[in-house]
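Take a moment with the sequence and the model below. Then read on for a short walk through them.

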Protein chains: 2
Amino acid sequence: MSALSANLVIADPAARSRLLDAIRFDARGLVPCIAQQHDTGEVLMMAWMNREAAEETLATGRVCYFSRSRGGLWRKGETSGQQQRLVDLRLDCDGDTLLALVDQTGVACHTGRRSCFYLAPRDGQLAEIAAPEIAPEALYGR
Amino acid sequence: MSALSANLVIADPAARSRLLDAIRFDARGLVPCIAQQHDTGEVLMMAWMNREAAEETLATGRVCYFSRSRGGLWRKGETSGQQQRLVDLRLDCDGDTLLALVDQTGVACHTGRRSCFYLAPRDGQLAEIAAPEIAPEALYGR
């Protein structure tokens, strides 16, 4: 099913600009983007995009974030191979949050877990409720 | 199924403090919180919490945000009745984003739509892909 789902690509630069103009980037020029696996509904991660990252995402159909720590574009999966193919993109009612419906190759989290949201309160403590599926060393070739 | 799912309440203040201490609030003292309907997987909205809002959420089992526009606690559904019961709470790998699994009464969006994420690119334009289920006037008694 995943392999057959359409890829969202906006090839026309003018159409991309119209869509990007609707996004309310914050004072830093960033917008939060939630990544959700399109067919299972699993929330995989949340990261940030600047206008350039959002434009590249729409132009290529591969999700590209802006890394606040590195201060540059973060082409998801460029190092690890764990790419996110863009299936659809949603903007919320006040235009300041994106929801990317993606097809995640492998795992989304740098810890090797499918989702970054693997910590939850259990018996009054924060517990890990999911195990890594891949060793981080295997992801990053260390 | 929803009605039978457990409510997450952390009654012990010391346990709440331990959990809150694990959250990395930003320079404004805020953390983004994604609300997802626990049984369908639908992403409903994204809003912000300060420590007080997160503590109230854990203490009551009802989701409470921090309204950046009003500068105060925003007990979701207090005016509209469209409350979010807390079923589980997840923290991400770097501790700076929350995912609340909720049972949403009615609709999450102030426009009367189930989810705030109802805008999507269609034919090069931003289109509304969901219709309001309730008139906003009915939600807010105008």
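The paragraphs below go from the contact between the chains to the annotated sites.

This is a predicted model. Start where chain A and chain B meet. Each side brings its own set of residues: 38 from chain A and 38 from chain B. Together the two chains bury about 3,000 Å². Carbon and sulfur atoms account for 67% of that area. Three residues stand out on the chain A side. Cys93(A), Phe117(A) and Pro121(A) supply 20% of what chain A buries against chain B.

Which parts of chain A touch chain B? Seen by element, helix 1 (13–21) supplies at least two residues. So much can also be said of strand 1 (31–37), strand 2 (43–49), strand 5 (84–91), strand 6 (98–104), strand 7 (119–122) and strand 8 (125–128), each with at least two residues on that side. By residue class, this side of chain A holds 24 nonpolar, 7 polar and 7 charged residues.

The side chains of Asp96(B) and Arg68(A) meet at 3.2 Å, N to O. Why does this pair join two chains? Asp96(B) lies in the loop between strand 5 (84–91) and strand 6 (98–104) of chain B, while Arg68(A) lies in the loop between strand 3 (64–67) and strand 4 (72–75) of chain A, so the link runs from one chain to the other. Over all chains, the whole structure has 20 salt bridges.

Next come the annotations, taken from an unreviewed UniProt entry. One "binding site" annotation covers Cys93(A), Cys109(A) and Cys116(A). These residues span 24 residues of sequence, and their C-alpha atoms lie up to 27.9 Å apart. Cys109(A) and Cys116(A) belong to the lining of the largest pocket. Cys93(A) sits in the loop between strand 5 and strand 6 of chain A.

UniProt also places a "binding site" feature at Asp92(A), Asp94(A) and Asp96(A). From this set, the lining of the largest pocket takes in Asp96(A). Asp94(A) is in the loop between strand 5 and strand 6 of chain A.

Finally, step back to the annotated domain. The unreviewed UniProt entry gives residues 45–118 of chain A as "domain: Phosphoribosyl-AMP cyclohydrolase". Over that stretch the chain is 14% helix and 38% strand. The C-alpha atoms at its ends are 10 Å apart.

Technical notes: Residues numbered from 1 in each chain as written. Chains lettered and ligands numbered in written order. Predicted model: local features only at pLDDT ≥ 70, side-chain atom pairs only at ≥ 80, totals over all residues. Heavy atoms only, no water. Contact = heavy atoms within 4.5 Å. Buried area = accessible area lost by both parts, 1.4 Å probe. Helix = DSSP H or I, 4+ residues; strand = E, 2+ residues; numbered from the N terminus. Nonpolar A, V, L, I, M, F, W, Y, C, P; charged D, E, K, R; others polar. UniProt positions renumbered as here; feature names shortened; annotations may be inferred. 1 Å grid on protein atoms, 1.4 Å probe; cavity = no way out; pocket = protein on both sides within 12 Å on 5 of 7 lines; lining within 4 Å. Salt bridge = Lys/Arg side-chain N within 4 Å of Asp/Glu carboxyl O.
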